[in-house]
Amino acid sequence: MRIARWSAEHPWRAIGAWILFVAISIGVGTAAGTRTADFDDNPKGELATYQSIVDEAGFTRPATENVLISARGGGLDQARAMAAANDVRTGMRGLAEVGKISDPVPAPNGSAVLVNVEITGERKTAEERVQPLLDTTASVQQRYPDLIVEQVGGASLDKALSATLGDDFQKAELISIPVTLLIMLLVFGALIAAGVPVLLAMSAVGTAIGLSALVSHLIPATDSTSSMILLIGMAVGVDYSLFYIRREREERAKGAGHVDAVEIAAATSGHAIVVSGIAVAVAMAGMFVVNDIVFSSIAVGTILVVLVAMIGSITVLPALLAKLGRWVDRPRVPLLWRLSMRSGGEPRFWRRVLRPSLRRPALTLALSGGALVALAIPAFSMNLNAPSEADLPRSIPIMQSYDRMTAAFPSTGAAHQIAVRVPADQAAAARRAVDDLLARLATDDGFAHDQAPEVDEAANGRIFLISAGIPYDGGSAEADQSLTRLRTSLLPATFGGIAGAEFAVSGHTAGENDFVSTMNDALPWVIGFVLLLTFLVMLWAFRAPVIALSAIGLNLLSAGAAYGVLVLVFQNSWAEGLLGFTSTGGIVAWLPVILFVTLFGLSMDYHVFVVSRIRESAVAGLSTRDAVARGITTSAGVVTSAAAVMIGVFSIFATLSTIDMKQMGVGLATAILLDATLIRAVVLPSLMSVLGKSNWWTPRWLRRRDEIAPRPGPAPRHRELEPVG
């Protein structure tokens, strides 16, 4: 590649240009700031109708906090609890952040007393103003040590969870970089060589975060964007550098000069990196198909970091290697250096692994492919759900408070938010219908009865907003049933007879149900989009339809097996103690789409590299089986090392607090493990051996005159079919 040659011959210019590019991207992105959005900013279907009604009403309910007062043991002293409640009201009344304060409300069973407090200002930013309320509650707790005085609300929950998740991701970041460095040190046996991939990956991550801040003014970012940039950026950034440096070192060992070794690495591994980068970006683009602001923002961030890492690998990396020369292998760690330079042990090991695939490819393909299909079968029973308060770890103190509050006052937990709009001449009929609905809710066991539903009226009686609490977790089957009754029975029965009436239900349960439905509808389209574009990229890269189709088939096997493992682990309870979670009986709704595009992209990363090495050997005239053997044995160490980095980083996410992060970590780590071992070392070689010369068949319309096509020689006659090299 000419650009790599230029970078190697003008290293300081290339390095300087890269540093300038990184600095400008980060600086401009920081100056521009990040425009953020979340799921609620892009409602669809019935949620969009609800939002339209609320917007017309011009009414927004303020953020509220609940202060719960209960006994530490035994029965509650009502007089003492009321005194504490009045102290809470007095303390809150003096805060500028506080609006209305309710009178103390005793629980129906006498176990607790509740004080409801409104927070002034915008609901979305209430988390920033909740701390004085928490301090006031804490001071009352100090004065009443015999009682439990605790605060729970949307803002305090968000604040506590943000702190927990922030600590989780900080732990992941702090652990992932040392883990990556350690694996790179084991691979290269030298500190500089180990540090270069990590440095390039970190620069790509920083650059992509800066660029994504700029793009966020067109496509808003979300809270997940930076995390996904870090996750994907570290994975592909390290991989690309690893592929390049190992090939450059291999060529130097054969006697090539520094610049020549860099150029050969660019023409081989560099070309594979470009193809891989395009394939990964195409896979990530599949998230645009969902047509959801969260997925679109993640797609933008991950595509940016993949492309930046790819560009860095073919520009600044050749310059660094040319400038460092043999210093890239310094300072050496004696034992690790000797292990990294040994060439005999690793090929012998991989020869033994490959032997069944080369001796009896059809049988090996049937057995290994059958095992993966069997592992994928549980995926067909996958249930999708959305995370709710019930899924959060109870090690977080506020979740224990939440449980006590919802046990005493069920209406303070999940609630269905109902919006009704009628023409002006139907206002009186609408008021009668609202009273009818409230009467029906009062006798329906699917709704909470400890407090009456909250009703607000707007637009001269044309619009009603009703908040109906339910005595169940928002993600439970009972909550789903009460939502179905509202949408299909209660609301049509009470408002269906009013001419021109519109009604819609929002809230956690409604949002979850609609989101799961959206994901179920979107997943087949995402899969189809990614498969089609990946096929075209592979066809462009190798000009061999069979290679393109086999790549798609193998990656589908890998993704299906990962889905199957997720279902086996998280839809059952046997792994709860091992991974520290409580099964919800389902998989987080957004995960299958994210997992598919990520796994497909990263799997193509390995596939392109391995098949490129096999093709090199086939072009050199080796038989298909010998080409497969040489290609896999010469690339196995690099692929295994790259996979070890990804598995190490992804496994860290399986140790985080929330179940969605655990599921993502287990899914990604499992898929990469299967892909780098069973797929690449067993299924791929057996499949290519069975296909033989058909692997490289090229239609006439795809052939180029200047292209040297693979010309596999006859299969060797020796009995062992031992790999060459």
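# A walk through the predicted chain

Ala548 counts as buried, at 0% relative accessibility. Buried means under 20% relative accessible area, exposed over 50%, and partly exposed in between, with a 1.4 Å probe and protein chains only. This is a predicted model: local features need pLDDT of at least 70, side-chain atom pairs count only at pLDDT 80 or more, and totals for chains, interfaces and linings use all residues. Residues are numbered from 1 along each chain as its sequence is written, and side-chain values use heavy atoms, with hydrogens and water left out.

Ala548 is found in helix 19, residues 545-570. Helices (H or I, at least four residues) and strands (E, at least two) are DSSP runs, numbered from the N terminus. Not counting residues up to four places away in sequence, Ala548 touches Phe535, Met538 and Leu539. Contact here means heavy atoms within 4.5 Å. Lys100 is 448 residues from Ala548 along the chain, and their C-alpha atoms are separated by 65 Å.

Now take in the whole chain. Its secondary structure comes to 23 helices and 11 strands. The C-alpha trace spans about 90 × 50 × 45 Å along its principal axes. Of the 725 residues, 54% count as buried. Take the contacts between residues at least 6 apart in sequence: 80% of them join residues at least 24 apart.

Next comes strand 7, residues 415-421. Seven of its seven residues are buried, so this strand is largely enclosed by the rest of the structure. In a regular strand the side chains alternate between the two faces of the sheet. Both faces of strand 7 are covered. On one side sit Ala415, Gln417, Ala419 and Arg421, and on the other His416, Ile418 and Val420; all are buried.

Strand 7 has pairing partners. Two strands pair if DSSP finds at least two bridges between them. Strand 7 pairs with strand 9 (residues 463-469) in the antiparallel sense, over seven bridges. There, His416 has Ala468 of strand 9 as its bridge partner. Strand 7 also pairs with strand 10 (residues 502-506), again antiparallel, over five bridges. Arg421 has Glu502 of strand 10 as its bridge partner.

Strand 9 leads on to strand 8, residues 454-458. These two pair in the antiparallel sense over five bridges. Ala458 is bridged to Ile463 in strand 9. The hairpin of strand 8 and strand 9 has four residues between the strands. In this hairpin, Ala459 takes a positive phi near 55°.

Asn385 lies in another strand, strand 6 (residues 384-385). Asn385 counts as buried, at 12% relative accessibility. Its side chain makes a polar contact with the side chain of Thr584, at 3.2 Å. A polar contact is a pair of N or O atoms within 3.5 Å; within protein, one must be able to donate a hydrogen and the other to accept it, and residues adjacent in sequence count only if both atoms are side-chain atoms. Leaving out residues up to four places away in sequence, Asn385 touches several residues, including Glu512, Val516, Gly585 and Ile587.

The last stop is Val593, in helix 21 (residues 591-619). Val593 is buried, with a relative accessible area of 1%. Setting aside neighbours within four places in sequence, Val593 is in contact with Met287, Val290, Phe295, Met519, Leu523 and Val526. Leu363 lies 230 residues from Val593 along the chain, and their C-alpha atoms are separated by 33 Å.
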